[in-house]
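Please keep the sequence and the structure in view while reading.

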Amino acid sequence: MGAVEAKLAELGLTLPDVVPPLAAYQPAVQTGPYVYTAGQLPMVDGKLPVTGKVGAEVTPEEAKELARTCALNALAAVKSVAGDLDRIARVVKVVGFVASASDFTGQPAVLNGASELLGAVLGDKGVHARSAVGVAVLPLDAPVEVEIQVELA
């Protein structure tokens, strides 16, 4: 077990299996020193624990926890092509999508779930640029979807 996975264990987390693609794409691809993940839903054991819009059926607090799960799934996707999470030199960018009720404007706070997890696990290497986008609907009626781009050492 590498240092990153040891840090996950210290936080009480386990790296999940890579979520299988729902359509015609790969969970992650590497080009040069960069790994790009596909959008990761907050799947746990092959299922979405919650569905619906944030600010309606899903609370912002629940959505923040779901964004954290998305980031954990993204790390699993990175490992599937990089071989070892200790190769991460830095997280470059995080893009998050929040299925939002029409009056919900707290997308940045929801995406903090992903950003805070990456910071807790990777320290300074987890500091990144980010976009938090509100959308009408996501695949499978997921409340949140997160993709990351990392640079490998």
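## Helix H2

The expected span of a helix is 1.5 Å times one less than its number of residues. Helices (H or I, at least four residues) and strands (E, at least two) are DSSP runs, numbered from the N terminus. The 23 residues of H2 should therefore span 33 Å, and its end C-alpha atoms, 32 Å apart, agree with this. H2 is followed by Gly 83, which has a positive phi near 90 degrees.

This is a predicted model, in which local features need pLDDT of at least 70 and side-chain atom pairs count only at pLDDT 80 or more, while totals for chains, interfaces and linings use all residues. Residues are numbered from 1 along each chain as its sequence is written, and side-chain values use heavy atoms, with hydrogens and water left out.

Asn 73 lies in helix H2 (residues 60-82). Is Asn 73 buried or exposed? Its relative accessible area is 2%, so Asn 73 is buried (buried means under 20% relative accessible area, exposed over 50%, and partly exposed in between, with a 1.4 Å probe and protein chains only). Neighbours within four places in sequence aside, Asn 73 is in contact with Pro 16, Val 19, Gln 40, Leu 41, Pro 42 and Met 43, where contact means heavy atoms within 4.5 Å.

## Two loop residues with positive phi

Most residues other than glycine have a negative phi. Asp 45, however, has a positive phi near 55 degrees. Asp 45 is placed in the loop between strand E2 (34-37) and H2, and it counts as exposed because its relative accessibility is 74%.

Asp 141 is not a glycine either, yet its phi is positive, about 65 degrees. Asp 141 lies in the loop between strand E4 (129-135) and strand E5 (144-152). With a relative accessible area of 30%, Asp 141 is partly exposed.
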